[in-house]
Amino acid sequence: MFSNILIYFVLIPVVMLLGLGISKNIKQIRAVAVIGSIALTALSVYVLVEYLAMRHAGNTEPMLFCGSWMWFEPLNIHLAVGVDGISIAMLLLSSIIVFAGSFASWTIKMPKEFFLWLILLSTGVFGFFISIDLFTMFMFYEVALIPMYLLIGVWGSGNKNYSAMKLTLMLMGGSAFLMLGLIGIYYHSAPEGGQLTWNILEIAQNDAISQGWQKFLFPMTFVGFGVLGAMFPFHTWSPDGHASAPTAVSMLHAGVLMKLGGYGCFRVAIYLMPYAAQELAWIFLILTGTSVVYGAFCACVKTDLKYINAYSSVSHCGLVLFAILMLNTTAMTGAIMQMLSHGLMTALFFALIGMIYGRTHTRDITQMGGLMQIMPYLSVCYVIAGMASLGLPGLSGFVAEMTIFVGSFQHTDTFHRVFTIVACCSIVITAVYILRVVGKLLFGPVHDEHHRTLTDATWWERLSTVTLILCVAAIGCFPNFFSNLIKFTFSPEIFTVLSLN
């Protein structure tokens, strides 16, 4: 069973949990977290290199490194794994943010318990991205969601109990819709008389879900995943959850966990129910287009740094779902690049906000000012994150958003083009709130004389932020590499399965 390399994405976090269990002091706890995150990052890079080598050698299978082991025979449930370019991109993103988050949590209280729950959350995330069995995918999905309540409720700040409960109830509600949708897919997964299956590739190959059932099940699965993707009007858990979460949890939550929503919408809802996707996409385009603009406008009027970034995440994640629903190669490629871009830059934002809050003990931008002269390193990093968010050329945000808008404008009908123009307006709104925050927070007079005594970033904070900044710049400077990594997923062979061409 352990011969398949993808299994180690789950085994390494499990070993980390065991290591934390026997750790006796803070140094051992930090060592387990750092060594484990380095191992996950190295494994992600190795899988990437092997994947590219297999593609260059001519392997055209939809998924590589596939493996399947029977888990529960009466329902034909398998521990089935496999990856394509999108999966590998998400694995890379997850491992990098776990690595950066480990250093961002260097001085967290109750470190053993915190890292235990954080790594359990990471286990669910990695398991979700490598699963091609719907039941197993849903199991890992729930494993990733459950620790959030304790991570926010125990280690959070502000109105943390309310935020943790609201987040849990809304995400569990979305999971209920998702579970019903997945069960419906399972019971219509094979031709009459055939064996029912949870395997995504087999379901797509069988093409047995009738058009009527697709139109019934598609909204359940898209909404189920869309709640986690902060789709309007199911987004309200996100700002409250982010505002109360500790730094590393915000990084992992916004950077990775919300990407499970976009990934699931593509991998399950659109891939398995293409007819319903074509017929019903307009409904969800309205909702996701609203998310893009509404989230940006909300960020403009907030003064709490975490709320500003949280509503910015609603806008950017809405753009991911918006692009996926355009159902063409260019827009979908842009959606995946936006997932990578947003994951990195929002993790950088939340890391910096946590570092600034740890020094100033406030997140209200009206109570801060002149931080550029007090902590220049953190301030410059915040400017870089802001420029990536508003789409400055040379950084990841520009590449992702331009690809989305170009792909979306390929539709020639009035409906799609009007909503594309509306979504494009979010760039202007984003520039407004980013420049507003940078101006108030970093420049101008120092509002609190006590702030003049504050120190700049420590070595572990610098390591965390530099890692994320380099990745943001890499996507912006070398977009073709990432585009080529994921392009096979949207190749003609796959679109034939999707029936989208």
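Is F126 buried or exposed? F126 is buried, at a relative accessible area of 0%, where buried means under 20%, exposed over 50% and partly exposed in between, for a 1.4 Å probe and protein chains only.

1. The model is predicted; local features need pLDDT of at least 70, side-chain atom pairs count only at pLDDT 80 or more, and totals for chains, interfaces and linings use all residues. Residues are numbered from 1 along each chain as its sequence is written, and side-chain values use heavy atoms, with hydrogens and water left out.

2. There are 27 aromatic pairs in the structure (rings of Phe, Tyr and Trp, the last by its six-membered ring, with centres within 6.5 Å; planes under 30 degrees apart are stacked, over 60 edge-to-face, the rest tilted). One of them, F9 with F126, is stacked, at 5.8 Å between centres and 20 degrees between planes. Because F9 belongs to helix α1 (residues 8-22) and F126 to helix α4 (residues 111-130), this pair ties together parts 117 residues apart in sequence. Helices are DSSP runs of H or I of at least four residues, numbered from the N terminus. F9 is also buried, at 0%.

3. M148 is located in helix α6 (residues 147-155) and is buried, with a relative accessible area of 0%. Beyond its neighbours within four places in sequence, M148 is in contact (heavy atoms within 4.5 Å) with L121, L167, V249, H253 and L257. The C-alpha atoms of M148 and H253 are 8.5 Å apart, although 105 residues separate the two along the chain.

How values were computed
Helix = DSSP H or I, 4+ residues; strand = E, 2+ residues; numbered from the N terminus.
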